Amino acid sequence: MMKSAYELAMERLQKQAPTVKLTAEQKAAIAELESQYAAKIAQREIGLREEILRAESHGNEEEAGKLREQLARERQKLQAELEEKKERVRQGN
């Protein structure tokens, strides 16, 4: 039987980056990190959205735009921190 292109691609991927089996403790630690960072991101979004709405209601689109950019940067920064910490857990550090 011939393998599909998908099956062949998955085999190549598995050889390049083998799947790492996580322990229950690692899975729990990653879940906890994801929960903590979801809360941090939500907290920043709530705070900055209020400021954005306030700026918009006063007709200050420039300020609102700056705040949107700040929110995007902070969200990216927190997401990067989360990924870094999750990778440390996966590595066993």
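The model is predicted: local features need pLDDT of at least 70, side-chain atom pairs count only at pLDDT 80 or more, and totals for chains, interfaces and linings use all residues. Residues are numbered from 1 along each chain as its sequence is written, and side-chain values use heavy atoms, with hydrogens and water left out.

**The helix pair**

- Helices here are DSSP runs (H or I, at least four residues), numbered from the N terminus; α2 covers residues 24-57 and α3 covers residues 61-91.
- The axes of α2 and α3, which are lines fitted to C-alpha atoms over the stretch in contact, come within 9 Å.
- These axes cross at roughly 175°, with angles running from 0 to 180 degrees between N-to-C directions.
- The two helices are therefore roughly antiparallel, a term for angles over 145 degrees.
- By class, the contact of α2 with α3 has 14 nonpolar, three polar and 16 charged residues. Nonpolar means Ala, Val, Leu, Ile, Met, Phe, Trp, Tyr, Cys and Pro, charged means Asp, Glu, Lys and Arg, and the others, Gly among them, are polar.

**Helix α3**

- α3 has 31 residues and spans 45 Å from its first C-alpha to its last, close to the expected 45 Å; the expected span is 1.5 Å times one less than the number of residues.
- Its buried residues (under 20% relative accessible area, 1.4 Å probe, protein chains only) are Ala-64, Gly-65, Leu-67, Leu-71, Leu-78, Leu-82, Lys-86 and Val-89.
- α2 is included in what covers these buried residues.
- Gly-92 follows α3 and has a positive phi, near 85°.

**Nonpolar cores**

- A nonpolar core is a set of buried Ala, Val, Leu, Ile, Met, Phe, Trp, Tyr and Cys residues joined through side-chain atoms within 4.5 Å.
- The largest one has seven residues: Ile-30, Leu-33, Tyr-37, Ile-41, Leu-78, Leu-82 and Val-89.
- α2 gives the most to this core, with four residues.
- Another core, of six residues, lies apart from it and includes Leu-48, Ile-52, Ala-55 and Leu-71.

**Individual residues**

- Lys-86, in α3, is buried, with a relative accessible area of 8%.
- Not counting residues up to four places away in sequence, Lys-86 is in contact (heavy atoms within 4.5 Å) with Ile-30, Leu-33 and Glu-34.
- Ile-46, in α2, is exposed (over 50%), with a relative accessible area of 54%.
- Ile-46 and Leu-71 are 25 residues apart in sequence and 9.9 Å apart in space, C-alpha to C-alpha.

Note on methods
Parallel < 35°, antiparallel > 145°, perpendicular 65-115°, else oblique.
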